[in-house]
Amino acid sequence: MDYSKTLFIYTRVSTTSQEEGGTSLDTQKDLGIRKSQELGFDYFLFNEGGQSSSHDDFNNRPALAKLLSRIDGGEIKHLFVYNTDRLSRNKMTWGVIRLKLLQQNVTLYTTSGIYNSTSPTDDLLLGILSEISSYDNSLRTERTRLGKLNRIRQSYWLGGPPVYGYKLVDKKLVPDEYESKWVNYIFEQFVEKIPVREIKMGLLGNGVQTRRKNDVWSLGSIEKLLTNTHFIGVYYVTDRKSGEIIKCECEPIISLDLFNRASDLKKIRSSRKVREGNQKHFYLLRDFLICGHCGSRFSGKTQSDTSRSVYYCPRKEKNYVNEHSKHHKDCTNNRYLKINLTDDLVWNTVIDVLTNSKQFKEQIKGEVLVERRSYQSQKTDIEKHSNSLKKLDKDIRDSLNLKKSTTLQFDVLKLQNFTDESQEHENSRIIYNIEEYIRKLESKKYDLNKKIHDLEGQVEWIDWVSEFRKNLKKLSDSTDEEKHYLMSRIIESINVFTVDKKTHKLIIEFKLPYVNDELTWNSPSNKTLGYVVSNGMKTKELEVFDEKKYQSKQLVAK
Ligand SMILES: [Zn+2]
């Protein structure tokens, strides 16, 4: 049956007055059929027969109930009744019906034409009912959310596959014997100062697959794994709505000592990596450049003759690695972008935009005025936090030693058969408590480190802004590092497109709409009334035109 071309006819007479001036069941039905013929539709009849309307609800009207459930199911799109009284005389019941008709977009035909909204009372009722139903929905959503949070609080794992090393049993994280063995392997190798690259080869050599059944682990996924606190029995879930951080527990699979040694080592390595990276090949733009054709992040290639150093889309190299896999993607952005030419053009464009941007000036003024006041207090805070951090580190060391000596003591007692089962139970409780205490200290340490890091970022920015204000004109003298720092603060990304053999199009996307913004005085004749800065655009387009290629071609042509 084609529901969009079927007229559903509902007929009913009230038992109190069987014949209502020519509106018997048959008459109502005939009128409905005539309407369907007029529309060129099929018809389908719901006949309630004679029913008392004194108790007008859905219970004593089975045909109406059936009709409504099919409206709910979205089957019925066209409905005929002799007049709206047939559906209900009761305001409340009628309101429910109208709400359903509206929600399912049903056209209602009556003998007086297509039915439209009637009395204000009807509309009011309808309004209230739809309010109630949407309130009901949001209550349900909130209940679901709270239920979910409660389950998280009880350390139930919600959504997504469990972290590597664990499996789900009754929706809780439980160590996976095979995988946890390899988690330990990764950590142990790492603290032995084996390069991540070699750990990766080790996994490959032992046939250890990733969760996604890949034989090859990415370096990133190994490094990421080294930061998972799940392995020491604790993880945190943040409720986006309230910002509440929920602490969850699971069974640890590596020792706290191993985890700490790894994270200390990781810190040293990453700071060294940054330094080395800066010394070897410094790329001003590589972090921002994105291929406009395929979305890859750009790579850089440095030559001893720097005029031949280039940025390029690494898609081809990636394809070589990912041949025959779903990551294989073609890219037509295959022309090199000369580094010296591009760096200069982009930097000059950025300076041009910033020098002309009213918003940037406002921002800098604002940040200096507002932040200056707190600058000193921020520096004091950093010092304070750093001192607490030192104390915390000492506490952690002491607790670890305590755990070591206590464990040893218990082991000796056990070996000499001085302990019975209940004593052993008590001993492991003691060890657990010490571990729990250490975990608390560790999470405090994590918070403190983050606070310090954030504060340092702010202080650094204020320093930079003040410096910038002093030498506004000298911006062009900035070192590459300074240029990079400024850009990372204000630029979101730069999309690169190949236009033709000599030309690239670059679209710089700023974090804020600095481009061509305007300053408007509230009253041009009275500047004391202040001004507003209206938004410009976030993007700036420019072309990188490789003149050298052009010239040599010209020469050949001559
Ligand atoms: Zn590409």
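**Backbone, sheet and core of a predicted model**

Ser-155 is partly exposed, with 17 other C-beta atoms within 10 Å; a residue counts as buried if 20 or more other C-beta atoms lie within 10 Å of its own, as exposed if 12 or fewer do, and as partly exposed in between, with C-beta atoms placed from the backbone. This is a predicted model, in which local features need pLDDT of at least 70 and side-chain atom pairs count only at pLDDT 80 or more, whereas totals for chains, interfaces and linings use all residues. Residues are numbered from 1 along each chain as its sequence is written.

Most residues other than glycine have a negative phi. Ser-155, although not a glycine, has a positive phi of about 65 degrees. Ser-155 lies in the loop between α4 (120-153) and β6 (166-169); helices (H or I, at least four residues) and strands (E, at least two) are DSSP runs, numbered from the N terminus. A positive phi, near 60 degrees, is also found at Asn-105, a residue other than glycine. Asn-105 is located in the loop between α3 (91-103) and β4 and is exposed, with 8 other C-beta atoms within 10 Å.

The secondary structure of the chain comprises 14 helices and 18 strands. Of its 558 residues, 16% count as buried.

Five strands form an open sheet of mixed pairing, in the order β2-β1-β3-β4-β5; two strands pair if DSSP finds at least two bridges between them. Because β2 (42-50) and β5 (113-114) each have a single partner strand, they stand at the edges, and one side of each is left without a neighbour in the sheet. Strands β1 (residues 6-13) and β3 (residues 78-81) run parallel and are joined by four bridges. The bridge partner of Leu-7 in β3 is His-78. Helix α1 (residues 25-39) packs on the sheet, touching β1, β2, β3 and β4 (107-110), and its direction makes about 165 degrees with that of β1. Axes are lines fitted to C-alpha atoms, for helices over the stretch in contact, and angles run from 0 to 180 degrees between N-to-C directions.

The largest nonpolar core has 23 residues; such a core is a set of buried Ala, Val, Leu, Ile, Met, Phe, Trp, Tyr and Cys residues joined through C-beta atoms within 7 Å. The largest share of this core, five residues, comes from α10. Leu-285 is among the residues with the most contacts inside the core. Leaving aside neighbours within four places in sequence, Leu-285 is in contact (C-beta atoms, placed from the backbone, within 7 Å) with Tyr-311, Thr-342, Asp-343, Val-346 and Ile-494.

Definitions and conventions. Contact = placed C-beta atoms within 7 Å.
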